[in-house]
Amino acid sequence: MEGPSGQQRVKVYKLNDEGLWDDKGTGHVTVEIVDHNNTIVGLVVMGESDHTRPLLVHRISKDNAYQRQGDDTIITWTDPEIGTDIALSFQEARGCNYIWEQVLHVQESSSPRAVGNGGHADAPYGPRRLGGPGGHLDDFDTAGPVGPGGRFDEMGPMGPDPGSSGAVDLPEPDMSNLKDIARALTEVSLFQRDRIAQQLATRRGYLDRLLDLFRICEDVEDEEGLHALYNIFKQVVLLNDTGLFDLLFDDGHVMDFLGALEYEPDIKPDQRPQHRQFLQSKAVFKEVVPITDAAVKSKIHQTYRMGYLKDVVLPRVLDDATFATLSSLMLFNNIEVLMALYQDRDFFPELFRRLKQASPDSEEWRDLVAFLQELCGLAKHLQATQRNQLLLRLVGLGLFEVITTIMQTPGSPEVKLRATDILLADVQHDPSQLRSYLLQPGEGNELFSLLIQALLGSSSSGLQEQVLEILKVLLDPETLEGAAEKDKFVELFYDRHIAQLLAALVQAAEAPYAEGAPSANTVGLVVDLLCFCVVSHTYRIKYYVLRNNVVEKVLKLLRRRERWLVVAAIRFLRTALSLKDEFYNRYLVKNRLMEPVVTTFLENGPRYNLLNSACLELFDFIRKENLKGLLTDLMEHHWEQLQAVDYCEVFRNMHIKHEQNQDRVTVGKMEREPEALQAATAAREAELLARQRAAAAAEQRRRRGEREVDTDEESYFDREDDSDDEQQPLSGGGGGGPAASGPGSGGGRVVLEGGSPGGLPGLLRPLVDYGDDDDEELPAALRGAGTPKRSPTRDRPGSPPLEKRFRPASSGGSPWGPGRPGGGSGSPPLR
């Protein structure tokens with residue numbers, strides 16, 4: 001990070017007496033003139049917080065030994081004035097390089113040349129004067145003049161800013177300058193790399209002379225010179241210039257260049273690698289098909305040597321940028337070679353002619369297949385149009401027929417692996433070509449069967465994995481272009497080939513370790529393919545599962561000893577449930593297929609492993625998604641076993657969810673019943689309600705009947721009244737007898753009016769002598785000696801006993817029955 005006026009941000013450290021570094025503060029460093037005579041140049045660090053006083057003022061001297069540390073971001077030295085070590089830690093390596101080059105330049109110069117009036121410098125650099133003209137050492141003019149008396153670097157050899165590159169010349173290549181050349185290349189800054197690379201590439205014969213020096217040093221066994229040359233060429237590689245790479249990997253230079261890299265100083269002579277010997281004797285270039293173009297051959301050789309340098313010679317030395325550059329150059333060379341071969345009209349026909357004529361067991365056959373594999377692998381890096389044209393041409397020349405022949409050949413798993421790699425490269429670009437070929441009767445169907453056999457019967461796991469990937473791409477509905485093609489190809493797979501996969505699965509479950517049984521890896525791949533089909537072919541796989549009990553056969557793998565296969569079976573079940581299809585839920589409940597899963601989970605116990613986690617996740621998924629059928633099945637048939645699992649809350653939560661579902665069923669029963677059932681239920685409830693109402697009415701009638709006088713009791717009163725009339729006839733009294741009121745005046749009730757004590761008959765007396773308290777309970781007509789006037793019945797509620805006993809006659813005006821005098825006074829007899 002640059003501060004004001006191009007200053008570099010640093011931290012200042014000082015070594016204390018205990019050997020520890022003390023942080024003296026953070027500021028910005030520049031190279032300044034620190035005296036008034038323009039003769040002393042030093043490092044000045046001004047603090048960020050206090051811009052008036054410097055954190056450090058150090059005089060740069062030739063006698064001081066400056067060092068760089070910490071990935072080129074720290075400069076250290078011993079200050080003779082204070083007798084201790086000082087360190088500047090730069091925030092960026094760019095700023096460190098910038099200051100380092102200025103320090104070296106000051107050391108190489110005796111002093112700034114000052115001429116002219118006022119000590120203005122006419123040197124190629126103009127260091128800035130600390131404090132400005134007439135200033136003091138502790139004064140720092142941050143806005144001083146530019147040019148004479150200005151900043152040191154603004155007229156120095158590095159130009160006006162740190163990003164510019166100065167005129168750096170490499171020493172002449174001779175024996176005496178080898179160390180200087182190595183030092184110059186090692187200490188070159190990031191901004192000078194392009195200029196140095198340009199000098200190496202454009203200076204006439206510079207690289208050639210260096211390589212000549214290598215041959216001389218090797219002939220005379222000059223170890224010191226060979227070590228210097230190793231460092232020189234290593235730094236040349238790290239310049240990361242594509243023009244230099246073209247020169248270094250040229251046929252006339254590459255062997256000497258790689259030979260110089262054999263003499264690493266840290267390796268003993270008897271342990272040195274023999275790169276040249278390997279490339280010249282062991283790395284033999286094979287032309288399975290003759291290549292007539294010499295430029296194409298040269299590109300092939302250059303590409304191989306670049307890869308050898310990157311992967312063998314300097315794998316620990318190359319930085320990321322250089323490694324990426326070499327990889328890019330190799331890729332571009334390969335594309336150039338491939339396009340040149342594609343444009344050759346005779347090359348590919350000759351290749352397929354030899355493939356069809358060669359014996360499948362010969363070395364030539366294997367080399368041809370390997371070359372074809374490499375071609376298809378490089379085709380991945382072409383543009384889509386070019387890749388499509390190349391693959392169409394290969395298919396037209398008989399690519400799939402060659403693959404069928406390879407797959408038919410017994411043995412040679414390595415060649416079959418190459419063949420499936422070729423197929424995979426083709427289907428990843430355009431699967432419709434292979435799909436159309438497989439739909440053809442004859443060789444197409446045969447290749448399909450060979451791929452299934454390779455998946456089930458091969459002992460090479462790599463071959464099986466590649467066949468599985470090919471089948472997934474071919475069966476992926478997203479890559480199927482038309483409905484007709486989709487139906488035909490998927491139907492072909494389900495009608496002819498999936499039964500083989502299921503048979504292998506059954507055999508692996510029933511006789512897993514018998515001779516000829518599929519391996520555990522094969523079974524795992526079959527389950528993986530079935531999971532893919534469940535997700536991709538929802539319609540066809542659904543009914544295939546129903547007809548062939550696929551889930552039940554897969555769950556038989558729960559008895560296998562290989563725990564990862566047991567987990568694969570759980571994963572298949574989980575994949576089916578993830579579709580949230582009620583079809584699978586009903587199928588599982590109907591066939592009680594959750595029972596083996598629960599048994600496997602309980603047998604595994606509380607062990608915290610992958611199987612335990614897979615089962616718990618499956619059960620928790622059933623709860624979260626509220627798959628009611630499965631949840632009810634688990635709770636009704638397995639709750640007694642699962643409730644003992646107390647190290648997690650999964651099953652308790654499942655039981656709570658199940659109870660909540662049951663409550664909702666009870667509350668919403670009527671809403672979920674069909675209309676016919678609702679009508680029947682409503683009829684039954686209406687009938688019950690009618691019965692309840694009839695019973696209530698009968699109860700009311702019964703209660704009313706208890707309060708009425710029956711016929712016998714009423715006739716008894718009538719007879720008693722008649723006998724009383726006969727024995728004691730009432731005599732009329734003036735004004736004091738009871739007045740009978742007809743139906744319209746008294747409502748059929750007796751009203752006693754205007755009676756006096758003397759008006760009552762003398763024979764009438766109370767049969768029982770009631771006390772005073774009891775008199776209050778008698779009717780008002782019988783209280784006291786006389787009969788007071790009573791209010792009409794409509795104004796006073798009548799007494800129930802009197803209402804029942806003293807009824808008006810049905811005809812006539814007398815309430816006492818027939819033959820009784822209507823106007824006689826007196827009181828009816830009381831019983």
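In this predicted model, helix α16 (residues 431–439) packs against helix α17 (residues 443–457) at an angle of about 110°, and their axes lie 5 Å apart. Angles of 65 to 115 degrees count as roughly perpendicular, so α16 is roughly perpendicular to α17. On the α16 side, the residues that meet α17 are L434, Y437, L438 and L439. Their partners in α17 are E443, G444, N445, L447 and F448. Sorted by class, this contact of α16 with α17 has 6 nonpolar, 2 polar and 1 charged residues.

Let's turn to helix α12 (residues 363–379). With 17 residues at 1.5 Å each, α12 should span 24 Å, and its end C-alpha atoms are 25 Å apart, which agrees. The buried residues of α12 include W365, D367, F371, Q373 and C376. Also among them are L368, V369, L372, L375, L378 and A379. Which helices do the buried residues of α12 pack against? The table names them.

| Helix packed against by buried residues of α12 | Residues |
|---|---|
| α10 | 320–343 |
| α11 | 347–357 |
| α13 | 384–396 |
| α14 | 399–408 |
| α15 | 413–429 |

One more residue to look at is Q302, which is found in helix α9 (residues 294–313). Is Q302 buried or exposed? Its relative accessibility is 11%, and buried means under 20%, so Q302 counts as buried. If neighbours within four places in sequence are left aside, Q302 is in contact with D246, F249 and N333.

Terms used. Residues are numbered from 1 along each chain as its sequence is written. This is a predicted model: local features need pLDDT of at least 70, side-chain atom pairs count only at pLDDT 80 or more; totals for chains, interfaces and linings use all residues. Side-chain values use heavy atoms; hydrogens and water are left out. Axes are lines fitted to C-alpha atoms, for helices over the stretch in contact, and angles run from 0 to 180 degrees between N-to-C directions. Helices (H or I, at least four residues) and strands (E, at least two) are DSSP runs, numbered from the N terminus. Angles under 35 degrees count as roughly parallel, over 145 as roughly antiparallel, 65 to 115 as roughly perpendicular and the rest as oblique. Contact means heavy atoms within 4.5 Å. Ala, Val, Leu, Ile, Met, Phe, Trp, Tyr, Cys and Pro count as nonpolar, Asp, Glu, Lys and Arg as charged, and the others, Gly among them, as polar. Buried means under 20% relative accessible area, exposed over 50%, partly exposed in between (1.4 Å probe, protein chains only). The expected span of a helix is 1.5 Å times one less than its number of residues.
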